[in-house]
There are 2 protein chains.
Amino acid sequence: MSKFRQLLEPGSIAVVGVSDEAARPGSQAVRALLANGYQGKIYPVNPKYPQFEGLSCYPSVTAISETVDVVVIGVPAKAVLTVLEECAAKKVPFAVILSGGFRETGAEGIEREQRMLQIAREGGVRLIGPNCLGLVNIHSDVYAAFGSMTRAPKLKRGGVSLLTQSGGFGYSIALACAQAGIGFRHVIATGNESDIDTVQLIEALLEDDATECIVAYIEGTNDGRALLDAGRRALAAGKPILLWKGGVTEQGARAAASHTASMTGSYDFYQALFKQTGIVEIGELHEAVDYLRAFASAKYPQGRGVVIMGVSGGSAIVFADAGERVGMKMCELDADTQARLSGVVPAIGAVHNPIDLTAGYFNKANQEKLEKAIRAALDDPNAGALCINLATTGKSGSIAAAEVLRRVAPDTDKPIVVFSSAPPSEVGAALQMLDEAGIPVFPSPARAARALAALAAYHERRADIAAEAGRQAQQASAQNIGAALDSIVQSHGSLSEAQSKAILQAAGIPVTRDIFVTSGNTAGLENLSFPLVAKVVSPDIPHKTEAGGVKVGIANRAELDSAIAEVLDNARRHAPHARIDGVLVSEMVRSGFELIAGVVNDEVFGPVVVVGAGGIYAELLGDSSCRLAPFGVDTARQMLDELQCRRILDGVRGAAPLDVDAAARALAALSHFAWDARHCVREVDINPLFVVEDGVLAADALVVPSMRADLH
Amino acid sequence: MSKFRQLLEPGSIAVVGVSDEAARPGSQAVRALLANGYQGKIYPVNPKYPQFEGLSCYPSVTAISETVDVVVIGVPAKAVLTVLEECAAKKVPFAVILSGGFRETGAEGIEREQRMLQIAREGGVRLIGPNCLGLVNIHSDVYAAFGSMTRAPKLKRGGVSLLTQSGGFGYSIALACAQAGIGFRHVIATGNESDIDTVQLIEALLEDDATECIVAYIEGTNDGRALLDAGRRALAAGKPILLWKGGVTEQGARAAASHTASMTGSYDFYQALFKQTGIVEIGELHEAVDYLRAFASAKYPQGRGVVIMGVSGGSAIVFADAGERVGMKMCELDADTQARLSGVVPAIGAVHNPIDLTAGYFNKANQEKLEKAIRAALDDPNAGALCINLATTGKSGSIAAAEVLRRVAPDTDKPIVVFSSAPPSEVGAALQMLDEAGIPVFPSPARAARALAALAAYHERRADIAAEAGRQAQQASAQNIGAALDSIVQSHGSLSEAQSKAILQAAGIPVTRDIFVTSGNTAGLENLSFPLVAKVVSPDIPHKTEAGGVKVGIANRAELDSAIAEVLDNARRHAPHARIDGVLVSEMVRSGFELIAGVVNDEVFGPVVVVGAGGIYAELLGDSSCRLAPFGVDTARQMLDELQCRRILDGVRGAAPLDVDAAARALAALSHFAWDARHCVREVDINPLFVVEDGVLAADALVVPSMRADLH
């Protein structure tokens, strides 16, 4: 926070670009500061005006004698650079550039944005924008903004901070939340993010005590690793981040490119990052509302079991349908709970979950019984959370229920959620009571179920990540891959299959036994068991099969000798100028299931490990899972669990189960290698990675050095 | 309608079970009728009261001298039967039974419900309920109901009729719609549906001119075929049905079972039915609101292309993301459109879709330009619909845009939808204007996209079903399967593989060439080409492989002779008492892709055809698709298109494409057979159905006769 303190809590704001034209962004900003009662100094700037809105107006930023924390710039793009030079001269620490006409407008704008950034960097001015709606601090009435961010309704104070790369759309999130009674701390529209970006602001908000939860709309980030770090720190700090990633489909990304030309990156990588940080992904306005309501209680389900209780069987069914899809289960009630319930709820046969209180149960006369029922449900060891379906219950019934819930809620750590579909005009008082008791109310049972699932997933993720971090700290570095890295750096950008496999073996990934032979030297072949595979080794022939450079199913020594001769011959004919080092003879894997594993060293996200179904499944299913490297065995196991082909690994049609643990260890090892080698490896491709009954075996592999290997 | 006219438009209503206790359902009903100004006669019934709420109170139903159209019964369950006997005596045509205490309460209640139904049937009284909230006719102020259905807010009049099996939850749909300004015609909570059910009411509402659209919440139906027919008639009549099916997941169905013990059926079959009728499935309250808004305009997208225009790039991205997932595409703009747009919208480089009007564009001064831009977009032949993103645009801007849209809308058949996230307190006037112009407004771009997709899918389905119906009418019955049906009926409940394949071949499904041989008679084998498969034929050995009754890959005559002997021998040892008819020798299919196809003759839905990936894929993917029989080749092709393995049929890894048309023809033929044989076939299993380069071949099949074959 301290780094951005003057930006987020400015004591003085200059606004350049005010005029009698009310629509001018600068004019709007000054009026908003005045109208909302901003307590700091306001300096309007325009050489043509002695006064503006009753304030002294200055001819330039440098003409202001007092210190200025933030300059808001709303002049046309061409004039922005001059204003920025003045800011630099005056040593203003922050400027908020509302003006458009930069990167988003094409070649000229890109150049202008670069010059602007250069002036800012040289002058020590940090920037928000350009091409943005600005920023608002609701607690301090800072309105360094224009447009919808300064229009009615005024947001109320609260613990939510909103960051958005799109002012026009992102502020919709604030409006939807405001209608639901949610209060705000900071709202920052970052526009082109020429300098300060969303990730840096997340980091600042983690240090802001008044921010309890962060909501962000982003189209892209240039630094996935910084987002990973920020996300993990937010998780450790217990400040949930709800993130809406725009441009997640092909046409969405195309629309994003035409919008701000953001680096939208690969959605798969973002989703991996969300899983690795506990960032809660949202994709609808009401999800922001629902999850903020849910997270505000700071109570988390203890397990995935839910007790559902209410006056509407249909609501319980809808909850159960939605719950099953997001992993929330209607739990069994134990005998003690059933005994406690049987006296206080209308029992139709056994007392089971969902608990049907029957129509009209919510009333003053039943409050004592209801309280007993709720306490019994909450005490059940299988119950991780409780959902009360008021459904269409009217005014008096809802108040009767709310009074009981208000009494019970402080005594439990388990979340209680409520579904009410009655109009606020009828049940407003009850809703208010529940809100004050920290009990979130949802307008549909499905939304209640999904909000509980978001809480549960967040809670689980926090435990997982803490556990994994703990285990990694205990582990010594598993592998010494210094020699392997040296061999990559010295490879001059090209590694053979044999070299690649040797490197991966050093990194802890089991590879098939094989012997490198040349036509002159076949020593060691006698140690291999038939059947064998022979593959030509050449740095210039990446696609060996197409070159006739692979023979499989070699059954005996005679076949082997002719196979070696044949693949060499084929390769020479296929690529007459290729350097041919020799032939790699490998034991052939005859059982197990083929996976494909690999590493992509992404510009934005760094090394990412991908695993998927191999063979024909790869094309059929597009079945893959990825995570940002490095990670531990538990994460690797989660990756495997996400695969559609996962069940095959446990053995289908009576086949023996395969060694999933070994596969997970190999992926974790690959991830550590990918991280350690991130400066010199561009890509790793292990295809196939056989999972067999007692291990895994990389049967073919290619490590592709980075063009920047010299940087290592 | 005429059949249920007195129920839905009663001229007189008796209410049994009124008392000073205000909470009594009957008391609530009478008060609601009075409070809402019902114009018909009201007859409260209770022997203890001379008057109730200022009305003459009658000792019994039979004591009323005038005719009574509907009796509302709110007495305890045990007393319901006596009241119903009075209704029968008085020849009352309809009773609405609000009381609970029937099927939903266990064995005693089930018996009570059966006796109740018997009295009603014998007395000619048709029933709504029991265990329901009753029914309301908003246009005629009929409130034969209690609970939330009679509480504030009063629903306004409109064209939507709501049917719900769950009063408590279903009325939430009405409340959500009411908050969105949607008006209603009939609201009917059907409860246990002992007599009149949702499907019969749908049929009645199709004849009700004042009903424009039907929304239904159901947990199950006992007659899937009637729902299929009603759905198709609704589609032909242009009255959309939005249907929420509760209990679609395992735990949802379990919750439903404990709720009303409805027949929830298989969700897959429901989904097939939705596709075959154009029924629009919903699963959230806001979907009901959104789709009702969209369908109210009665304009349908001409194709899947959408032009997006607005002041918020982020909103366009969110629309594009959501649109891609439901098949709505941002269309290309043709040269003419671009030329027309270039003068009137701020062009950043080329004028492309989404059209970025840039912040502040919506204002009075730009109205003429905006109108030109909108007309240009709507005239584009690629544009099937237009989405205007107002996003957070404020009061004056929204009014400026609404005025233009109101002018343009009457001139186009293409749907125009609007996204606005500004609070109604600010932009209410603009929203009102758009509503009156029949332009639906959505609170998120994603919801706008999904609503357009619902319209598009409905429109396509209507065309598909009309086309298929047309083609089927032209076709003569393709196959004469009379002999096949006879053989099934005469099978005494059991058919061999050879018999099954012969039946399917007669039905138009290609089967592998094979010869039935016995150890004594091997005539005809010389006509088959090696390799061959030999399979034992026995009505008592359904699982041939387990019995050692199958030999594959038989390469020559010598191998064949020993294979025949071997499978007979194995079968005899495996099942010493089995009748063994002989051996089926088939040509072996060596290429192509294995599907599984079959028929399930479901109690609720009748014959349903299922197709899925065969072999190991079946277990891996659970990849299947189904439709209610009979259907044509186009529907069969859609089934195949839904399979995850679909791409393999087009040829992967350089393989030749397989004969998808032949597969579709086989499925359609199977569906016609399934329909024609519905009285005598319980199940058909074709496994595998090979799709090869020039056709399909059923390599193994079993037709399982129905136990009720004698009914044929």
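Modeller: Copies of a chain are superposed by least squares on the C-alpha atoms of residues with pLDDT of at least 70 in both. The model is predicted, so local features need pLDDT of at least 70 and side-chain atom pairs count only at pLDDT 80 or more, while totals for chains, interfaces and linings use all residues. Residues are numbered from 1 along each chain as its sequence is written, chains are lettered from A and ligands numbered from 1 in the order in which they are written, and side-chain values use heavy atoms, with hydrogens and water left out.

Colleague: What rotation superposes chain A on chain B?

Modeller: Two copies of a chain are related by a rotation about an axis and a shift along it. Here the shift along the axis is 0.0 Å and the RMSD is 0.1 Å. That is the relation of a two-fold axis. The rotation that superposes chain A on chain B is 180 degrees.

Colleague: Which strands stand at the edges of the open sheet of 7 strands in chain A?

Modeller: Strands are DSSP runs (E, at least two residues), helices are DSSP runs too (H or I, at least four residues), and both are numbered from the N terminus; two strands pair if DSSP finds at least two bridges between them. The order in chain A is S9-S8-S11-S10-S12-S13-S14, with mixed pairing. Each edge strand has a single partner strand, so one side of each is left without a neighbour in the sheet: these are S9 (142-145) and S14 (280-282) of chain A.

Colleague: Which residue is the bridge partner of A:Leu135 in S9(A)?

Modeller: Strand S8 of chain A covers residues 134-137, and S8 pairs with S9(A) in the antiparallel sense over 4 bridges. In S9(A), the partner of A:Leu135 is A:Ala144.

Colleague: How far apart are the closest N and O atoms of A:Glu460 and A:Arg304?

Modeller: A salt bridge is a side-chain nitrogen of Lys or Arg within 4 Å of a carboxyl oxygen of Asp or Glu, and the whole structure holds 68 of them over all chains. A:Glu460 and A:Arg304 form one such pair, with their closest N and O atoms at 2.7 Å.

Colleague: Is B:Arg185 buried or partly exposed?

Modeller: The side chain of B:Arg185 meets that of B:Glu9 in a salt bridge (3.0 Å, N to O). B:Arg185 lies in strand S11 (residues 184-189) of chain B and B:Glu9 in the loop between helix H1 (5-8) and strand S1 (12-16), so the pair ties together parts 176 residues apart in sequence. Buried means under 20% relative accessible area, exposed over 50%, and partly exposed in between (1.4 Å probe, protein chains only). B:Glu9, at 27%, is partly exposed, whereas B:Arg185, at 5%, is buried.

Colleague: Which residues touch the most other members of the largest nonpolar core?

Modeller: A nonpolar core is a set of buried Ala, Val, Leu, Ile, Met, Phe, Trp, Tyr and Cys residues joined through side-chain atoms within 4.5 Å. The largest has 246 residues. Those that touch the most other members are A:Leu7, A:Phe184, B:Leu7 and B:Phe184.
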